[in-house]
Amino acid sequence: MICPKCGSANVTVQVINEIKLKNKHHGFFWWFFIGFWWVPIKWILFTLPALIFKIFGHKKQKFVNKQKAMCACQQCGNTWNV
């Protein structure tokens with residue numbers, strides 16, 4: 001592999017993990033068929049348990065893991081994606 005900036009062949013390639021935290025939400029069909037009536041009823045009838053669950057309950061989040069390869073020139077320090 002050759003550096004596009006300086007033309008050197010002294011290049012290292014590394015695989016980098018990028019982990020991002022993504023919030024999970026209900027989709028359109030859930031809100032259209034269930035959510036518009038369930039959420040108000042839940043808060044009116046089950047206010048105290050709903051508040052406790054909202055504070056201490058399961059957080060709707062997931063990790064998204066992406067891997068990408070990065071090249072780094074050892075001569076000039078230029079970096080680029082493969």
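Close-up 1. A residue counts as exposed when its relative accessible area is over 50%. This is a predicted model, and Phe 33 sits in its helix α1. Phe 33 has a relative accessibility of 52%, so Phe 33 counts as exposed. Phe 33 also belongs to an aromatic cluster, together with Phe 28, Phe 29 and Phe 32.

**Close-up 2. The stacked pair Phe 28 and Phe 32.** A pair of aromatic rings is described by two things: the distance of the centres and the angle of the planes. By the ring-centre rule, the model has six aromatic pairs. One of them joins Phe 28 and Phe 32. Their centres are 5.7 Å apart, and their planes make an angle of 20 degrees. Planes under 30 degrees apart count as stacked, so this pair is called stacked. Where do Phe 28 and Phe 32 stand in helix α1? They are four residues apart in this helix, which covers residues 28-45, so about one helical turn separates them. Phe 28 is exposed, at 58% relative accessibility.

**Close-up 3. The edge-to-face pair Trp 37 and Trp 38.** These two rings also form an aromatic pair. The distance is 6.3 Å centre to centre. The angle between the planes is 80 degrees. Planes over 60 degrees apart count as edge-to-face, so that is the label for this pair. Are the two residues buried or exposed, or in between? Trp 37 is partly exposed, at 40% relative accessibility. Trp 38 is partly exposed too, with a relative accessible area of 33%.

**Close-up 4. A nonpolar surface patch.** The patch covers about 1400 Å². Its members include Phe 28, Phe 29, Phe 32 and Phe 33, which form one aromatic cluster. Trp 37 and Trp 38 belong to the patch as well.

**Close-up 5. A positive surface patch built from lysines.** Which residues form the positive patch? They are Lys 20, Lys 22, Lys 24, Lys 54, Lys 59, Lys 60, Lys 62 and Lys 66. Strand β1 (11-23) gives at least two residues to the patch. Strand β2 (61-73) also gives at least two. Lys 54 has its place in helix α2, residues 47-56. Lys 54 is exposed, with a relative accessible area of 60%.

**Close-up 6. The salt bridge between Lys 68 and Glu 18.** How many salt bridges does the structure hold? The count is one. Lys 68 and Glu 18 form a salt bridge, and their closest N and O atoms are 3.1 Å apart. The pair links distant parts of the chain. Lys 68 is in strand β2 and Glu 18 is in strand β1, 50 residues apart. Both ends are partly exposed. The relative accessible area is 33% for Lys 68 and 30% for Glu 18.

**Close-up 7. Two spans, in sequence and in space.** Pro 4 lies in the segment before β1. Pro 4 counts as exposed, at 61% relative accessibility. Pro 4 and Asn 65 are 61 residues apart in sequence, and their C-alpha atoms are 29 Å apart in space. Trp 37 and Ser 8 are 29 residues apart in sequence. In space, they are 64 Å apart, C-alpha to C-alpha.

Conventions. Residues are numbered from 1 along each chain as its sequence is written. This is a predicted model: local features need pLDDT of at least 70, side-chain atom pairs count only at pLDDT 80 or more; totals for chains, interfaces and linings use all residues. Side-chain values use heavy atoms; hydrogens and water are left out. Patches are made of residues with over 30% relative accessible area and no salt bridge: like charges are joined within 9 Å, nonpolar side chains (Val, Leu, Ile, Met, Phe, Trp, Tyr) within 5 Å. Accessible areas come from the Shrake-Rupley method with a 1.4 Å probe; for residues, only the protein chains shown count as cover. A salt bridge is a side-chain nitrogen of Lys or Arg within 4 Å of a carboxyl oxygen of Asp or Glu. Lys and Arg count as positive and Asp and Glu as negative; His and the chain ends are not counted. The place of a charge is taken as NZ of Lys, CZ of Arg, CG of Asp or CD of Glu. Buried means under 20% relative accessible area, exposed over 50%, partly exposed in between (1.4 Å probe, protein chains only). Rings of Phe, Tyr and Trp (its six-membered ring) pair if their centres lie within 6.5 Å; planes under 30 degrees apart count as stacked, over 60 as edge-to-face and the rest as tilted.
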